[in-house]
Amino acid sequence: GSIGPGETRRVRLALAAAKGGSHELKVEARGDTELVHAAAAEVEVIAPSIQVALTGPGLRYIGRNAVYRVNVANDGTAPSNQIRVEYQVPEGFTFVRAGQSGSYDNLSRAVVWFVDRLDAGKTTELDVELTAARLGSFEHVVAATTEQGLRAENRLASDIDGTASLVLEIVDLDDPIEVGAETAYEIRVRNDGSRSAQNVVLSCELPPGVDLLDAKGPTESAAGQGRVRFGALPELPPGKTALYRVNVRGTSEGHRRFRALLASDSIHEPLTVEELTRFYGE
């Protein structure tokens, strides 16, 4: 409307702060005679803000422990109070411990921390220790919420792998054994690892003075020139044992050394085991 000479009029404009930080408010007044005047004012809006980061190993072998760290930061301009941090333990891991007085709930598989206050520009670090328990790919999820309703979330993918650990054993069923009598060697191949062994191949070397009668195992065998080779076993699961049996007859006296060699795609170097047997005459 109209403003008389020397008159002042106040106008109230209701605003709500939508974002923290420094902001400039600009006001301009215009009259119908091309009168123009502008003014500006700086307003600092204080606002809380929360960020959460998650770090830890992206690969762990089964049975090994891993520590994951949660970093909670107040990157706002006002303190954040009553911060609740929740860490969801993936299905492939088992809980070991939580630092900084974190509590673990077995039903929800969640670790929870409470941070009373976090001033602007400050950070706090939390940690949890887990054990890799199951093969596969899993996702860790952590979230932080404040009493003002702010929420921040972060995720981290990790893989759990395993290794095959083959053990080779030979047992001679008779020692000493009379020349001309039949006896046998039992060869046991056991996987003590956490992952299946692939393409397991067993071969045996017979010493001079010992003749092969037959050989049995989980796969077919082929013999020739004092050697017995079994076909590849496609897979040997963890905790399982493959049993082989080589039946022989001694033809001369002496101490004879029977040798077994094991190869697999899952081990770097072949395994070799020997068994010494005494053959005697009448």
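A salt bridge is taken here to be a side-chain nitrogen of Lys or Arg lying within 4 Å of a carboxyl oxygen of Asp or Glu. In this structure, which is a predicted model, the count by that rule comes to 21 salt bridges. Side chains of opposite charge can pair when their charged atoms come close.

Among these pairs, R97 forms a salt bridge with D127, and the closest N and O atoms of the two side chains are 3.0 Å apart. Because R97 belongs to strand β7 (residues 93–98) and D127 to strand β10 (residues 123–132), the pair ties together parts that are 30 residues apart in sequence. The two partners are described by their accessibility as follows: R97 is partly exposed, with a relative accessible area of 35%, whereas D127, at 9% relative accessibility, counts as buried, since buried means under 20% relative accessible area.

A salt bridge also joins R227 to E205, with the closest N and O atoms 2.6 Å apart. Here R227 lies in strand β19 (residues 227–230) and E205 in strand β16 (residues 197–205), so the contact ties together parts that are 22 residues apart in sequence. R227 is partly exposed at a relative accessible area of 37%, and E205 is likewise partly exposed, at 21%. Both residues take part in a network of salt bridges that links E205, R227, R257, R259 and E274.

The side chains of R30 and E28 meet in a further salt bridge, at 2.9 Å from N to O. R30 counts as exposed, with 63% relative accessibility, because the class of exposed residues begins over 50%; E28, at 48%, counts as partly exposed.

The volume of the largest pocket is about 590 Å³. Strands β1 (21–30) and β2 (36–45) each supply at least two residues of its lining, and the lining residues divide into eight nonpolar, five polar and four charged.

The second largest pocket has a volume of about 170 Å³ and is lined by L15, A16, A17, A18, K19, H23, L25, V43 and V45. The elements that give two or more residues to this lining are β1 and β2. By class, the lining of the second largest pocket holds seven nonpolar residues, one polar residue and one charged residue.

How values were computed: Residues numbered from 1 in each chain as written. Predicted model: local features only at pLDDT ≥ 70, side-chain atom pairs only at ≥ 80, totals over all residues. Heavy atoms only, no water. 1 Å grid on protein atoms, 1.4 Å probe; cavity = no way out; pocket = protein on both sides within 12 Å on 5 of 7 lines; lining within 4 Å. Points joined across faces, edges and corners; volume = space filled by probe spheres on them. Helix = DSSP H or I, 4+ residues; strand = E, 2+ residues; numbered from the N terminus. Nonpolar A, V, L, I, M, F, W, Y, C, P; charged D, E, K, R; others polar. Buried < 20%, exposed > 50% of the residue type's maximum accessible area, 1.4 Å probe, protein only.
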